[in-house]
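Subject: Structure for your files, with notes

Dear colleague,

I am handing over the structure below, followed by an account of what was found in it. Please read the notes with the coordinates open beside you.

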Amino acid sequence: QVQLVESGGGLVQAGGSLRLSCAVSGRSFSNLAMGWFRQAPGNEREFVATISWIGHRPLYADSVKGRFTISRDNAKNTVYLQMNSLKPEDTAVYSCAARRGIYSARARDYDYWGQGTQVTVSS
């Protein structure tokens with residue numbers, strides 16, 4: 001079994017930055033592809049970013065490209081999401097997810113999920 005615990009969410013003004021962390025335990029982290037997804041009230045869960053087990057060529061949603069950066073530290077079993085130039089429309093619960101195999105932008109491809117962390121961006 002794999003456990004994922006997110007941290008780093010909070011309240012920030014528009015234009016500000018936050019860094020989310022997702023600590024992974026219970027399985028060899030370096031074999032897992034990781035993703036970040038978000039869900040705002042009344043909306044469907046949407047893809048944010050994903051990174052392969054080796055960390056090459058991450059993928060981003062168009063809405064966050066150029067502002068968000070996903071990275072991972074396999075020595076610390078942690079994946080990060082650096083969020084810059086935040087906008088009110090980025091407000092959502094952000095969840096990290098893990099899957100065996102190649103990385104994916106589809107939530108249904110992921111095997112394990114964290115509980116999520118709230119990010120609120122005020123205008």
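**The disulfide and its surroundings**

C96 counts as buried, at 0% relative accessibility, where buried means under 20% relative accessible area, exposed over 50% and partly exposed in between, computed with a 1.4 Å probe on protein chains only. Please keep in mind that this is a predicted model, in which local features need pLDDT of at least 70 and side-chain atom pairs count only at pLDDT 80 or more, while totals for chains, interfaces and linings use all residues. Residues are numbered from 1 along each chain as its sequence is written, and side-chain values use heavy atoms, with hydrogens and water left out.

C96 is joined to C22 by a disulfide with an S to S distance of 1.9 Å, the term standing for a pair of cysteine sulfur atoms within 2.5 Å; by this rule the count comes to 1 disulfide. The pair links distant parts of the chain, with C22 in strand β3 and C96 in strand β9 (residues 92–100), 74 residues apart. Strands here are DSSP runs of E of at least two residues, numbered from the N terminus. The link of C22 and C96 is right-handed, with 50° about the S-S bond, and C22 is likewise buried, with a relative accessible area of 0%.

**The sheet that contains β3**

Strand β3 belongs to an open sheet of 4 strands, in the order β1-β3-β8-β7, with antiparallel pairing; two strands are taken to pair if DSSP finds at least two bridges between them. The edges are formed by β1 (3–7) and β7 (68–73), each of which pairs on one side only. Neighbouring strands of this sheet are turned by 15° against each other on average, direction ignored, the axes being lines fitted to C-alpha atoms and the angles running from 0 to 180 degrees between N-to-C directions. Between β3 (residues 18–25) and β8 (residues 78–83), which run antiparallel, there are 6 bridges, and in β8 the bridge partner of A23 is T78.

**Two residues of β5**

T50 sits in strand β5 (residues 46–51) and is buried, with a relative accessible area of 0%. A polar atom of the T50 side chain lies 2.9 Å from the backbone oxygen of M34, and the T50 side chain also makes a polar contact of 2.9 Å with the side chain of Y110. A polar contact is a pair of N or O atoms within 3.5 Å; within protein, one must be able to donate a hydrogen and the other to accept it, and residues adjacent in sequence count only if both atoms are side-chain atoms. Leaving out residues up to four places away in sequence, T50 touches residues including I70, L59 and Y103, contact meaning heavy atoms within 4.5 Å.

F47, which also lies in β5, counts as buried at 16% relative accessibility. With neighbours within four places in sequence set aside, F47 is in contact with W36, F37, L59, Y60, A61, S104 and A105; between F47 and L59 there are 12 residues of sequence separation and a C-alpha to C-alpha distance of 9.8 Å.

**D90 in a loop**

D90 is found in the loop between β8 and β9 and is buried, with a relative accessible area of 1%. The side chains of D90 and R38 are joined by a polar contact of 2.9 Å, and the D90 side chain reaches the backbone nitrogen of K87 at 2.8 Å. Beyond four places in sequence, D90 touches R38, R67, F68, S85, V119 and V121.

With kind regards
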